[in-house]
Amino acid sequence: MKRLGDIFDAICDLENLSCAFGKVQKGKAHRPDVMAFREDLSGNLREIRDALLSGRYDFGHYHAFKVFDPKERTIHAAPVRERVIHHAVVNVCGDQLERCLIDDSFACRKGKGQWAAIARAQEFARRHPWCLKLDIKSYFDSIDQGILSRILARKIKDRRLLDLLDGLLESFCVEPGKGLPIGNLTSQYFANLYLDGFDRLASCVKTRGYVRYMDDMLIFGEKEELKTFLRQAASFLRDTLALRIKNGGSLQPVSRGVDFLGCRVFPHHLTLNHRSKVRFRRKYQRLQDELLCGELDELGYQERVTALYAFARHADTVRLRTTISNFSIGELAQGLQPGETGRQLEQQQPAELPVG
């Protein structure tokens, strides 16, 4: 790919910044910080533009909080002004950076995503008898900012943009020179790009199949070939990218199923893994509790349950969904007054909560 140059002025253009704010406020238009920014939108956008053009913009004013779905993560949310810049950068050079990536990298990319990655993994599982599963220990925290900066410099030649991105990288660290904040739009692009060299190493042999979703990687092939590649992979990740494979990796026959992105992938069928089944039951129970105590109305309940079932229907979960649904409808009917929501849910079950 030709290196990107002379694009910094396009990033700072007021029209691009306005478009970036439109994306920032999508789904968050009524949040106090977004509303405050919008009160003087023109003035705030001009202030951002002037700061960018003068090279005086300051990053790093994050708000940190934890999430526990499915495991504990610390999210670092940037303020509105910084998020506008992240979107402005991605608006101009995001597509070009994506073109650097191989087709079998699926995370945070248009037209791809979790279920496309799972489908590709199942396709490879039909062709190959063994699978090597790798993921990176503390991936976002382990990314070396110096290495990432050099990777970006091989893709971008606009010095002002590189200086801006270096400032963004330096605004966060878990230890000196290490880490990306989970929560930044730009972090998704950086994290995808960081492993691109490994992608090409893993997928260059035609007798293999390779799928990556952020730092979850599957390599399909013959057992002995994958054993040899595991040593090569560990060496490349350690010496070139300063990363380590979690728990040494896992090599297994595809006939036993491969644990990937919340599913168990077999050559000819797909199930949810144990953790996803537990999460499904817990979320379903939480929705029932919210309905019964009045925190959620019937329409909201049906919408959220339908979304939950839509996720589960990608896998072979008819028995799970039918069992939970039948049990829950009876429980709801006992908890509600006759003639109210319980009866309506029972009547609407086939249409609203499909299980087949």
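The legends below describe close-up views of a predicted model. In this predicted model, local features need pLDDT of at least 70 and side-chain atom pairs count only at pLDDT 80 or more, whereas totals for chains, interfaces and linings use all residues. Residues are numbered from 1 along each chain as its sequence is written, and side-chain values use heavy atoms, with hydrogens and water left out.

**View 1. An open sheet of three strands, in the order 7-8-9, is paired in antiparallel fashion.** Helices (H or I, at least four residues) and strands (E, at least two) are DSSP runs numbered from the N terminus, and two strands pair if DSSP finds at least two bridges between them. Strand 7 (258–260) and strand 9 (270–272) stand at the edges with a single partner strand each, so one side of each is left without a neighbour in the sheet. On average, and with direction ignored, neighbouring strands of this sheet are turned by 30 degrees against each other. Strand 7 and strand 8 (residues 263–265) run antiparallel and are joined by three bridges, and Val-258 has Val-265 of strand 8 as its bridge partner. Helix 6 (residues 114–127) lies across strand 7, strand 8 and strand 9, and runs at about 25 degrees to strand 8; axes are lines fitted to C-alpha atoms, for helices over the stretch in contact, and angles run from 0 to 180 degrees between N-to-C directions.

**View 2. Tyr-62 and Phe-172 form an edge-to-face aromatic pair.** A search of the whole structure finds eight aromatic pairs, where rings of Phe, Tyr and Trp (its six-membered ring) pair if their centres lie within 6.5 Å, and planes under 30 degrees apart count as stacked, over 60 as edge-to-face and the rest as tilted. For Tyr-62 and Phe-172, the distance is 6.0 Å centre to centre, with 85 degrees between the planes. Tyr-62 lies in the loop between helix 4 (41–54) and strand 1 (63–68), and Phe-172 in the loop between helix 9 (159–170) and helix 10 (185–194), so the pair ties together parts that are 110 residues apart in sequence. Both Tyr-62 and Phe-172 are buried (buried means under 20% relative accessible area, exposed over 50%, and partly exposed in between, with a 1.4 Å probe and protein chains only). His-76, placed in strand 2 (residues 72–77), counts as buried at 16% relative accessibility. Not counting residues up to four places away in sequence, His-76 touches Tyr-62, His-63, Ala-64, Phe-172, Pro-181, Ile-182, Gly-183 and Asn-184, contact meaning heavy atoms within 4.5 Å.

**View 3. Ring pairs link Phe-198, Tyr-210, Phe-229 and Phe-236 into a cluster.** Phe-198 counts as buried at 0% relative accessibility, whereas Phe-236, at 22%, counts as partly exposed. Arg-208 lies over the face of Phe-229, at 4.3 Å from the ring centre; a charge sits over a ring if NZ of Lys or CZ of Arg is within 6 Å of the ring centre and within 35 degrees of the ring normal.

**View 4. Helix 3 (residues 32–39) packs against helix 4 at an angle of about 90 degrees.** The axes of helix 3 and helix 4 are 5 Å apart, and the angle makes helix 3 roughly perpendicular to helix 4 (angles under 35 degrees count as roughly parallel, over 145 as roughly antiparallel, 65 to 115 as roughly perpendicular and the rest as oblique). Helix 3 contributes Ala-36, Phe-37, Arg-38 and Glu-39 to the contact, and helix 4 contributes Leu-41, Asn-44, Leu-45 and Ile-48.

**View 5. Ser-138 and Met-214 are residues other than glycine with positive phi values.** Phi of Ser-138 is near 45 degrees, and this residue sits in the loop between strand 3 (130–135) and helix 7 (139–142), where Ser-138 is partly exposed with a relative accessible area of 44%. Phi of Met-214 is near 55 degrees; Met-214 is found in the loop between strand 4 (209–213) and strand 5 (216–221) and counts as buried at 9% relative accessibility.
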